[in-house]
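The sequence and model are shown first.

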Amino acid sequence: MSVTVIIPSLNGKAHLSKIMSILSVQERKGMEIIVIDSSSTDNTAQIAQNLGARVEVIPRVEFDHGGTRNRAAKLATGDILVFLTQDALPAHSDFLEKLTKPIRDGVVVAAYAKQRATPNANPLERFMREFRFPESSSVRKLEVGQTLSVRDVAFSNAAAAYKADVFWELSGFPENVILGEDVMFVSKALKAGYAIGYCAEAQVWHTHDYTPWQQFKRYFDIGACYSRAGDTLGGAQASGEGLRFAKAQFAFLTKEKAWLWFPRAVLELGAKWLGYRLGYFEDRLPLAWKKRMSLQPHFWQREAAKASTRPQPE
């Protein structure tokens with residue numbers, strides 16, 4: 001089965017050259033690479049083209065987590081679509097082989113990779129990657145009468161593969177979403193009777209050094225995502241996931257003797273909780289607040305523009 005790798009980019013020349021170098025030694029033959037660039041100002045598009053990628057440039061204001069990826073996927077010729085973010089670096093030369101194997105074997109229709117924090121990452125970031133991306137691979141399929149949980153739809157487009165024909169059978173990613181296009185697709189796939197995989201053998205280096213304020217903003221966006229998703233997420237519930245995360249995090253910090261990180265952990269947990277709650281009820285907030293509290297201010301600007309062009313009731 002042929003593979004197309006799709007990488008959305010924005011001012012990512014420092015990361016992109018590394019990714020392209022790593023992809024060039026992958027064991028998959030006949031691989032196609034598509035970079036869809038949001039009008040970078042650091043020559044990212046030209047660098048990607050010089051390195052052999054097919055490049056599609058879009059206006060920055062048009063970037064949409066689902067729609068932009070769909071746009072690139074429509075250009076793809078591969079039987080398997082692999083999505084990478086520009087800062088997710090494959091950790092080994094057979095990364096693509098391992099990530100796509102469950103799809104090629106007919107076990108799953110989509111699989112996501114294990115993300116490892118870089119060695120210089122702080123303890124909170126290292127714990128988060130270990131918590132969300134365990135050591136053992138797994139396959140998930142929805143049982144009759146099963147209620148979806150957040151863990152059931154866990155997925156990440158930072159490094160993920162999809163069987164192309166099923167991807168389009170299920171209409172690709174939802175568009176005009178603030179984020180969460182990957183978990184929404186997974187919900188649809190599970191409800192359609194397909195199996196989803198987590199492939200711990202396929203690994204990428206991926207680290208974010210978010211401040212507490214940035215964590216607040218990210219969780220504001222997550223709250224807005226779940227609030228707006230409705231039936232698209234199949235009613236997936238957190239079911240105490242936040243409390244489980246907090247307990248495990250403090251146990252990890254204790255084991256690591258990272259005492260100085262306890263106050264930061266408390267601050268971040270509070271920021272995440274408050275951000276999520278405000279995001280979940282974003283429909284009650286003024287636009288200026290939402291733009292300030294979000295990592296995706298352009299999303300809210302687009303939403304306001306669309307609302308202003310809708311016909312008003314007489």
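In this predicted model, helix α9 (residues 241–256) packs against helix α10 (residues 262–280) at an angle of about 165°, with the axes 11 Å apart. Angles over 145 degrees count as roughly antiparallel, and α9 and α10 are therefore roughly antiparallel to each other. Their crossing is right-handed. On the α9 side the contact is made by Phe245, Ala246, Gln249, Phe250, Leu253 and Thr254, and on the α10 side by Phe262, Ala265, Val266, Leu269 and Lys272. By class, the residues of this contact are 8 nonpolar, 2 polar and 1 charged.

Helix α9 also packs against helix α5 (residues 123–132); the two axes come within 10 Å and cross at roughly 125°. α5 and α9 are therefore oblique to each other, and the crossing is right-handed. From α5, the residues in contact are Pro123, Leu124, Arg126, Phe127, Met128, Glu130 and Phe131; from α9 they are Glu241, Arg244, Phe245, Ala248, Gln249, Phe252, Leu253 and Glu256. This contact divides into 9 nonpolar, 1 polar and 5 charged residues. Phe245, Gln249 and Leu253 of α9 meet α5, and these residues also meet α10.

Helix α10 has a further partner in helix α8 (residues 212–229), where the axes come within 6 Å and cross at roughly 30°. Here too the crossing is right-handed. Residues of α8 in the contact include Pro212, Phe216, Tyr219, Phe220, Gly223 and Tyr226, and those of α10 include Arg264, Leu267, Ala271, Lys272, Gly275 and Tyr276. The contact of α8 with α10 holds 13 nonpolar, 5 polar and 3 charged residues. Lys272 meets α8 and is also among the α10 residues that meet α9.

| Helix pair | Axis separation | Crossing angle |
|---|---|---|
| α9 and α10 | 11 Å | about 165° |
| α5 and α9 | within 10 Å | roughly 125° |
| α8 and α10 | within 6 Å | roughly 30° |

The largest cavity contains about 30 Å³ of space. Its lining consists of Phe63, Asp64, His65, Val177, Ile178, Gln296, His298, Phe299 and Arg302. Helix α12 (residues 297–309) gives the most to this lining, with 3 residues. Sorted by class, the lining has 4 nonpolar, 3 polar and 2 charged residues.

Note on methods
Residues numbered from 1 in each chain as written. Predicted model: local features only at pLDDT ≥ 70, side-chain atom pairs only at ≥ 80, totals over all residues. Heavy atoms only, no water. 1 Å grid on protein atoms, 1.4 Å probe; cavity = no way out; pocket = protein on both sides within 12 Å on 5 of 7 lines; lining within 4 Å. Points joined across faces, edges and corners; volume = space filled by probe spheres on them. Helix = DSSP H or I, 4+ residues; strand = E, 2+ residues; numbered from the N terminus. Nonpolar A, V, L, I, M, F, W, Y, C, P; charged D, E, K, R; others polar. Axes fitted to C-alpha atoms, helices over the stretch in contact; angles between N-to-C directions. Parallel < 35°, antiparallel > 145°, perpendicular 65-115°, else oblique. Left-handed = near helix turned anticlockwise from the far one by under 90°. Contact = heavy atoms within 4.5 Å.
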